[in-house]
Number of protein chains: 2
Amino acid sequence: MRDLAAHPDLLSLNTATVRERWTLPQIIEGCARHGIRAIAPWRDQVAACGLEAAARLIRTHGLRVNGYCRGGMFPAADAAGRAAAIADNRRAVDEALALGAECLILVVGGLPAGSRDIAGARRQVQDGIAAVLDHARPQGLKLAIEPLHPMYAADRACVNTLAQANDLCDALGDGVGVAVDVYHVWWDPALEREIARAGRRILGFHVCDWLVPTTDMLLDRGMMGDGVIDIPRIRGWVEAAGYADCVEVEIFSARNWWQRDPDEVLQTVRERYASVC
Amino acid sequence: MRDLAAHPDLLSLNTATVRERWTLPQIIEGCARHGIRAIAPWRDQVAACGLEAAARLIRTHGLRVNGYCRGGMFPAADAAGRAAAIADNRRAVDEALALGAECLILVVGGLPAGSRDIAGARRQVQDGIAAVLDHARPQGLKLAIEPLHPMYAADRACVNTLAQANDLCDALGDGVGVAVDVYHVWWDPALEREIARAGRRILGFHVCDWLVPTTDMLLDRGMMGDGVIDIPRIRGWVEAAGYADCVEVEIFSARNWWQRDPDEVLQTVRERYASVC
């Protein structure tokens, strides 16, 4: 396994981690100050800053954009809704290319309003990714399917295991891979096997921690080391599968980290990255 | 598939559904009033009533006890803790027998305090069930492993898929089966396959619904029909596998159903059982 303390350049900040108190330009400058060399920004933050301005700032500071958050949200109640989702994903691909991002993260979407057909939603996801792939593949932008924890199956993502994401990759061919976020997959008894199966398809490795108790289903993620996930074990599996790239820190924490001074957050992220992950 | 409206006798009430406002004797009398012929009581309610008194009341009203809630909680930080859990489970077996229960439901437990070793916790679960099985099997009481939703992996149950529960049954042999609760498994892409694999091992089928949004990870379950679970589809799979017994309603709902008059709750349960499940 890699010694992360010797590779500070492999730390990436998902910008959601400090989004409540800093704009994207402030985040970019903060990363430069704290020696963080890669970021994964969100579309709404980029839109607020302006795409060209964001791209220029990122270049000026020499940051990598290891992932762009996010495409997906494919299932819809009717054909018009599905077409709109695909069109929006194609725009996300274009933005990712403009930013020099290395992949587009896909949070695939849950059940359409009023639906109880999760198998149907999963078919819509596969069709939607295939349509976006037609636009992304010729331009060399990879799509990263991120399985989300099963507690988000209804409203955020009906791809809930790495096995499912691997199956989608098998069906869809080149240009699509997976993002492994420990928060979403740590519980999965098939995780080691499916990480090995994913192999070189792994396009991202995201970390935070699962708190006990967890008081909010969306916004109560923990800082690495404050919860129960054995992050080094999972990172070992990911690296054994051939992954040799960034460790991206993504913490949604309305009650704790989002309340703190972002400079303190980034310092803690750097320390925990080196000592815990 | 069975027509539930023609089989009111197959409705079972998990007593947690009305536990906030009724004691066990009140629940038993309420079930008799509403024509509910089976219950699944909890240990703390039985203890509050007294084991012999509870058994007598249940007999007096001619109720079936299709399951007893619950054993499990095996993993512990040290050997003394694990032994205490096994001893407590053996007492639960004895109580289940005294009540004439048809199985003991197992919620297997999560990570021991301070542990990040989920694989180790899962080994402890298997060892614990094996030890309890030595006590239950000769007396003819079946143990039902209930996989819990992955959001409970840390603190309630590290058996999170029906595949895992089936694997445990394969390893442990006769006398142990599974309980399928739609709330815990509805999201699982392998569900249909694993239900077929479970076959005659299915000892219980539990229903409620997954609300969108879900505002509490433990106490915000919905009444059947108010959420996104396709209950008849899953019941069809369970019956195709050979299950022909009770449909047990178990709703933890601090903000809604627990606030209501239990007579209204039981009437709604009966209606939804017949019209939705």
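## Basis

In this predicted model, local features need pLDDT of at least 70 and side-chain atom pairs count only at pLDDT 80 or more, whereas totals for chains, interfaces and linings use all residues. Residues are numbered from 1 along each chain as its sequence is written, chains are lettered from A in the order in which they are written, and side-chain values use heavy atoms, without hydrogens and water.

## Relation of the two chains

Chain B is superposed on chain A by a rotation of 180° with 0.0 Å of shift along its axis, at an RMSD of 0.0 Å (least squares on the C-alpha atoms of residues with pLDDT of at least 70 in both copies). That is the relation of a two-fold axis. The same surface serves both copies, since 100% of the contact residues of chain B (contact means heavy atoms within 4.5 Å) recur in chain A.

## A helix pair in chain A

The axes of helix α1 (residues 24-34) of chain A and helix α10 (residues 262-275) of chain A come within 10 Å and cross at roughly 45°; axes are lines fitted to C-alpha atoms, for helices over the stretch in contact, with angles from 0 to 180 degrees between N-to-C directions, and helices are DSSP runs (H or I) of at least four residues, strands (E) of at least two, numbered from the N terminus.

In α1(A), G30(A), C31(A), R33(A) and H34(A) meet D263(A), L266(A), Q267(A) and R270(A) in α10(A).

## Backbone features

The peptide bond from C69(A) to R70(A) is cis, with omega near -5°, and R70(A) is found in strand β4 (residues 68-72) of chain A. In chain B, a cis peptide bond with omega of about -5° joins V212(B) and P213(B).
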